[in-house]
Amino acid sequence: MTQKSRVPLTSIYRVFFEIGMFSFGGGVSGWIYRDIVEMRKWMSHEEYLSGVALTQIMPGPNATNSAIYIGQLLRGASGATVALLAMLTGPFLAILVAAFTYQWLLGLPGFQEAMIGTAAAAIGMLLRTGLTSARMVARGLAPILIMTATFIAVGIFHIGLVPVICVIGPLSVAYAYKMSGRRLEHE
Amino acid sequence: MNELLRLVIVLAPLSLAAFGGAASIYAPLQHQAVDVEHWVTAREFVDLFAISRVTPGPGSLLGALFGWKIAGFLGALVATLALYVPSSVVVFAVGTVWNRHRGKRWHSALETGLAPVGCGLLLAGVLTLASSLFDHPISIPVILCVAAAMAFWPKVHPFIFLLIGGLVCYLAFLCGL
């Protein structure tokens, strides 16, 4: 376990406020990965990705679940609470403002198209994140097979998240456990 | 007061049922808000849904708008808490157990083993989200270009890419594409 330096709560708030404010169309994990793992190095990519798998099988939006997982890892209960509140502050205010102005907003020519473009850009960020982490995860045939199988089952055949993770997850973990035992024997 | 309590009674269980995000609770949310509680009409529901799609944040924040309709700011606040606190507590509880065992062999195996699953889920999410935009063909090149641009310039602030994406689609609309 790497010793983590204490990340200030104000930094957690700032980062997640910003992420929440610009989370259009659900593709926000791309931004989270870039900010938390790549730029700030608050956690390793394995800690992040296993957190993704862990929190996605639980109820709630992936974005807020990731915020809670990351906040908790960094600063425990206060970190998780701050991250969740930060993530919701901007969108909460934005949706109230939008409720006042929506007839005008939706009537603006091109407004919905601009929002679609914003969502598309967010999905592009997520695609790049997925490809980057795929390259890091793909260290051997087994992880590649597991990754591909998960992708096909959920992305193409639309099998529910919960059954997929409950079947593939244990297989993958059992394999990792066996491999770590083999590594221990070598040492 | 009574209305606020109704909000919590209806929304809190949906919070715990929202597996995989808002998509899984739109149907029961619509049924409850329109048919059972009469918070909004069917037509209003569609409008509110459209708002929630063009504002940032999780799609289920739509529920805050019902709170707003029936009890103003306080209603919106109560609805938001009812929607996110229950699921967040579950995630937090599991996370606590998860972090307590950090460093053990089975924990490392879980982390190593779940990483490729999480990665496959990320990529599947890309496909699902992208397919919701397939009726706007311009969005496909935007997705691919942003992905490539981010790989080339990883230090550029994501907001710039979002802005460019929005602008490109707006201009395409102006040009009649």
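When I call a residue buried, I mean that its relative accessible area is under 20%, while exposed means over 50% and partly exposed covers what lies in between, all with a 1.4 Å probe and with protein chains only. What I am showing is a predicted model, in which local features need pLDDT of at least 70 and side-chain atom pairs count only at pLDDT 80 or more, whereas totals for chains, interfaces and linings use all residues. Residues are numbered from 1 along each chain as its sequence is written, chains are lettered from A and ligands numbered from 1 in the order in which they are written, and side-chain values use heavy atoms, with hydrogens and water left out.

Let me begin with chain A as a whole. Its secondary structure comes to seven helices and zero strands, where helices (H or I, at least four residues) and strands (E, at least two) are DSSP runs numbered from the N terminus. The C-alpha trace of chain A spans about 65 × 40 × 25 Å along its principal axes, and of its 187 residues 59% count as buried. If we take the contacts in chain A between residues at least 6 apart in sequence, 60% of them join residues at least 24 apart, a contact being heavy atoms within 4.5 Å. Chain A exposes about 8,200 Å², of which carbon and sulfur atoms supply 67%; these accessible areas come from the Shrake-Rupley method with a 1.4 Å probe, and for residues only the protein chains shown count as cover.

Now to the core. A nonpolar core is here a set of buried Ala, Val, Leu, Ile, Met, Phe, Trp, Tyr and Cys residues joined through side-chain atoms within 4.5 Å. The largest one has 115 residues, and those that touch the most other members are F16(A), Y48(A), I70(A), L11(B) and F66(B). Helix α4 of chain A, residues 62-107, gives the most to this core, with 21 residues. For L11(B), leaving aside its neighbours within four places in sequence, the contacts are L29(B), G63(B), A79(B), A82(B) and L83(B).

Helix α4 of chain A also holds S66(A), which is buried at a relative accessible area of 7%. Beyond its neighbours within four places in sequence, S66(A) is in contact with I32(A) and T55(A).

One of the contacts of L11(B), namely L29(B), takes us to helix α2 of chain B, where Y26(B), L29(B), A33(B) and V34(B) are buried. In general, an α-helix has 3.6 residues a turn, so residues three or four places apart point the same way. What covers the buried residues of α2(B) includes α1, α3 and α4 of chain B, and just after α2(B) the residue H38(B) takes a positive phi of about 55 degrees.

I turn next to charged pairs. The structure holds eight salt bridges over all chains, a salt bridge being a side-chain nitrogen of Lys or Arg within 4 Å of a carboxyl oxygen of Asp or Glu. In chain A, E46(A) pairs with R139(A), the closest N and O atoms being 3.2 Å apart. This pair links distant parts of the chain, since E46(A) sits in helix α3 (residues 45-56) and R139(A) in the loop between α5 (111-137) and α6 (141-156), 93 residues apart. R139(A) counts as exposed, at 59% relative accessibility.

In chain B, R6(B) forms a salt bridge with E37(B), with 2.5 Å between the closest N and O atoms. R6(B) lies in helix α1 (residues 2-17) and E37(B) in the loop between α2 (26-36) and α3 (42-54), so the pair ties together parts that are 31 residues apart in sequence. Is E37(B) buried or exposed? E37(B) counts as buried, at 17% relative accessibility, whereas R6(B) is partly exposed, at 34%.

Last, the cysteines. A search of the whole structure finds zero disulfides over all chains, a disulfide being a pair of cysteine sulfur atoms within 2.5 Å. For C166(A), the nearest cysteine sulfur is that of C119(B), 19 Å away. The sulfur of C169(B) is 11 Å from the closest cysteine sulfur, in C145(B), which is too far for a bond, and C169(B) itself is buried, with a relative accessible area of 3%.
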